[in-house]
Amino acid sequence: VLALPSLASRVGLAPRRASARRASSIVTRAAGADAVPAKEARAAAEATKVVARKGVMETLGFGGWAPEVINGRVAQIAFVAGVGAELATGETLPTQFHDHVFSLAFVSVLVALASFMPNVQAKKFTAEPATKGAFGPFSPGKEMLHGRLAMIGLAAAFAMELHSGTPLFAR
(Lines give C-alpha, C1' and ligand atoms only; values in the text may rest on other atoms or scores of the structure.)
Protein backbone atom coordinates (compact mmCIF):
# COMPACT_ATOMS: atom_id res chain seq x y z
CA VAL A 1 0.00 0.00 0.00
CA LEU A 2 2.87 2.38 0.77
CA ALA A 3 4.39 1.80 -2.68
CA LEU A 4 1.23 2.85 -4.54
CA PRO A 5 1.76 6.63 -4.42
CA SER A 6 5.31 6.32 -5.74
CA LEU A 7 4.19 3.83 -8.38
CA ALA A 8 1.34 6.13 -9.40
CA SER A 9 3.72 9.06 -9.75
CA ARG A 10 6.11 7.00 -11.88
CA VAL A 11 3.36 5.92 -14.23
CA GLY A 12 1.94 9.44 -14.47
CA LEU A 13 -1.29 8.83 -12.58
CA ALA A 14 -0.55 11.22 -9.73
CA PRO A 15 -2.33 14.57 -9.95
CA ARG A 16 -0.11 17.34 -11.28
CA ARG A 17 0.09 20.73 -9.60
CA ALA A 18 -0.93 23.72 -11.67
CA SER A 19 1.72 26.33 -12.19
CA ALA A 20 1.48 29.33 -9.87
CA ARG A 21 1.07 31.71 -12.82
CA ARG A 22 -1.77 29.74 -14.35
CA ALA A 23 -3.52 29.12 -11.02
CA SER A 24 -3.45 32.79 -10.11
CA SER A 25 -4.84 34.00 -13.42
CA ILE A 26 -7.56 31.51 -14.33
CA VAL A 27 -10.03 29.47 -12.35
CA THR A 28 -10.66 26.08 -13.96
CA ARG A 29 -13.67 25.60 -16.17
CA ALA A 30 -16.69 23.71 -14.90
CA ALA A 31 -19.28 22.08 -17.14
CA GLY A 32 -18.13 23.83 -20.31
CA ALA A 33 -18.19 27.36 -18.84
CA ASP A 34 -15.65 29.94 -19.94
CA ALA A 35 -12.61 30.60 -17.80
CA VAL A 36 -13.05 33.29 -15.16
CA PRO A 37 -10.15 35.43 -13.93
CA ALA A 38 -9.24 34.60 -10.35
CA LYS A 39 -9.82 38.17 -9.13
CA GLU A 40 -13.40 38.14 -10.47
CA ALA A 41 -14.01 34.69 -8.99
CA ARG A 42 -12.76 35.82 -5.56
CA ALA A 43 -14.89 38.99 -5.71
CA ALA A 44 -17.97 36.95 -6.64
CA ALA A 45 -17.27 34.50 -3.83
CA GLU A 46 -16.85 37.33 -1.31
CA ALA A 47 -20.09 38.96 -2.46
CA THR A 48 -22.08 35.78 -1.86
CA LYS A 49 -20.28 34.63 1.29
CA VAL A 50 -22.39 34.40 4.45
CA VAL A 51 -20.46 34.97 7.66
CA ALA A 52 -20.85 32.35 10.39
CA ARG A 53 -22.55 33.66 13.50
CA LYS A 54 -21.11 33.12 16.96
CA GLY A 55 -23.08 31.61 19.82
CA VAL A 56 -24.51 33.53 22.76
CA MET A 57 -21.73 32.57 25.16
CA GLU A 58 -19.02 33.44 22.63
CA THR A 59 -20.63 36.83 22.10
CA LEU A 60 -21.67 37.77 25.64
CA GLY A 61 -19.06 35.77 27.57
CA PHE A 62 -16.03 37.16 29.37
CA GLY A 63 -13.88 37.03 26.23
CA GLY A 64 -16.70 38.01 23.87
CA TRP A 65 -16.85 41.24 21.92
CA ALA A 66 -20.30 42.45 23.07
CA PRO A 67 -19.80 43.50 26.70
CA GLU A 68 -16.95 45.92 26.04
CA VAL A 69 -18.37 47.28 22.78
CA ILE A 70 -21.85 47.90 24.22
CA ASN A 71 -20.48 49.40 27.46
CA GLY A 72 -18.15 51.59 25.41
CA ARG A 73 -21.00 52.82 23.19
CA VAL A 74 -23.17 53.60 26.21
CA ALA A 75 -20.25 55.36 27.93
CA GLN A 76 -19.63 57.52 24.85
CA ILE A 77 -23.27 58.61 24.77
CA ALA A 78 -23.41 59.09 28.56
CA PHE A 79 -20.22 61.16 28.61
CA VAL A 80 -21.33 63.52 25.84
CA ALA A 81 -24.88 63.80 27.21
CA GLY A 82 -23.66 64.21 30.80
CA VAL A 83 -21.16 66.94 29.98
CA GLY A 84 -23.71 68.69 27.76
CA ALA A 85 -26.36 68.59 30.47
CA GLU A 86 -23.82 69.74 33.05
CA LEU A 87 -22.89 72.74 30.91
CA ALA A 88 -26.57 73.55 30.31
CA THR A 89 -27.96 73.01 33.81
CA GLY A 90 -24.99 73.03 36.19
CA GLU A 91 -25.97 69.62 37.67
CA THR A 92 -23.13 67.25 38.54
CA LEU A 93 -22.90 63.81 36.92
CA PRO A 94 -23.87 61.96 40.15
CA THR A 95 -26.97 64.16 40.42
CA GLN A 96 -27.88 63.50 36.80
CA PHE A 97 -27.42 59.72 37.25
CA HIS A 98 -29.59 59.83 40.39
CA ASP A 99 -32.35 61.95 38.89
CA HIS A 100 -32.50 60.35 35.43
CA VAL A 101 -32.12 56.61 36.01
CA PHE A 102 -34.91 55.73 33.56
CA SER A 103 -33.30 57.75 30.76
CA LEU A 104 -29.94 56.06 31.31
CA ALA A 105 -31.53 52.59 31.39
CA PHE A 106 -33.58 53.33 28.25
CA VAL A 107 -30.53 54.49 26.27
CA SER A 108 -28.50 51.49 27.49
CA VAL A 109 -31.16 49.02 26.33
CA LEU A 110 -31.59 50.88 23.05
CA VAL A 111 -27.84 50.77 22.33
CA ALA A 112 -27.66 47.07 23.22
CA LEU A 113 -30.55 46.24 20.87
CA ALA A 114 -29.08 48.40 18.10
CA SER A 115 -25.72 46.67 18.53
CA PHE A 116 -27.27 43.28 17.73
CA MET A 117 -29.46 44.50 14.84
CA PRO A 118 -26.92 43.54 12.13
CA ASN A 119 -27.34 39.89 13.19
CA VAL A 120 -30.99 40.19 12.19
CA GLN A 121 -30.60 42.12 8.95
CA ALA A 122 -27.09 41.71 7.51
CA LYS A 123 -25.85 38.74 5.53
CA LYS A 124 -22.28 39.80 4.71
CA PHE A 125 -21.26 40.68 8.27
CA THR A 126 -22.38 40.10 11.84
CA ALA A 127 -22.95 42.44 14.74
CA GLU A 128 -19.30 41.96 15.74
CA PRO A 129 -17.47 45.14 14.66
CA ALA A 130 -14.44 43.21 13.39
CA THR A 131 -16.51 41.62 10.59
CA LYS A 132 -17.35 45.00 9.08
CA GLY A 133 -13.84 46.36 8.73
CA ALA A 134 -12.87 50.00 8.46
CA PHE A 135 -15.14 52.67 6.97
CA GLY A 136 -13.13 55.78 6.21
CA PRO A 137 -11.65 57.08 9.48
CA PHE A 138 -13.85 54.71 11.50
CA SER A 139 -12.57 51.25 12.43
CA PRO A 140 -13.39 48.62 15.06
CA GLY A 141 -10.11 49.34 16.86
CA LYS A 142 -10.82 53.06 17.09
CA GLU A 143 -14.35 52.40 18.33
CA MET A 144 -12.93 50.17 21.07
CA LEU A 145 -10.33 52.79 22.02
CA HIS A 146 -12.89 55.61 22.13
CA GLY A 147 -15.23 53.46 24.20
CA ARG A 148 -12.47 52.70 26.69
CA LEU A 149 -11.52 56.38 26.92
CA ALA A 150 -15.18 57.33 27.46
CA MET A 151 -15.54 54.73 30.23
CA ILE A 152 -12.41 56.02 31.98
CA GLY A 153 -13.41 59.67 31.49
CA LEU A 154 -16.94 59.08 32.74
CA ALA A 155 -15.74 57.19 35.81
CA ALA A 156 -13.08 59.82 36.59
CA ALA A 157 -15.46 62.76 36.16
CA PHE A 158 -18.11 60.98 38.25
CA ALA A 159 -15.63 60.24 41.07
CA MET A 160 -14.18 63.76 41.07
CA GLU A 161 -17.61 65.40 41.13
CA LEU A 162 -18.84 63.00 43.81
CA HIS A 163 -15.82 63.82 45.95
CA SER A 164 -15.89 67.60 45.41
CA GLY A 165 -19.66 68.07 45.16
CA THR A 166 -19.22 70.67 42.40
CA PRO A 167 -19.51 70.36 38.63
CA LEU A 168 -16.25 69.61 36.85
CA PHE A 169 -17.32 71.47 33.72
CA ALA A 170 -18.66 74.69 35.24
CA ARG A 171 -20.35 77.35 33.10
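A: Along the sequence the chain runs α-α-β-β-α-α-α-α-α-α, with eight helices and two strands in total; helices (H or I, at least four residues) and strands (E, at least two) are DSSP runs, numbered from the N terminus. The model is predicted, so local features need pLDDT of at least 70 and side-chain atom pairs count only at pLDDT 80 or more, while totals for chains, interfaces and linings use all residues. Residues are numbered from 1 along each chain as its sequence is written, and side-chain values use heavy atoms, with hydrogens and water left out.

Two packed helices are described by the angle between their axes and the distance between the axes. Helix H5 (residues 66–89) and helix H8 (residues 140–164) have axes that come within 8 Å and cross at roughly 50 degrees; axes are lines fitted to C-alpha atoms, for helices over the stretch in contact, and angles run from 0 to 180 degrees between N-to-C directions. H5 is therefore oblique to H8 (under 35 degrees is roughly parallel, over 145 roughly antiparallel, 65 to 115 roughly perpendicular, the rest oblique).

The contact (heavy atoms within 4.5 Å) involves Glu-68, Val-69, Asn-71, Gly-72, Arg-73, Ala-75, Gln-76, Ala-78, Phe-79 and Glu-86 of H5. From H8 come Glu-143, Met-144, His-146, Gly-147, Arg-148, Ala-150, Met-151, Gly-153, Leu-154 and Glu-161.

For the chain as a whole, residues 24 or more positions apart account for 61% of the contacts with a separation of 6 or more. Of the 171 residues, 19% count as buried, meaning under 20% relative accessible area with a 1.4 Å probe, protein chains only.

Notes:
Buried < 20%, exposed > 50% of the residue type's maximum accessible area, 1.4 Å probe, protein only.
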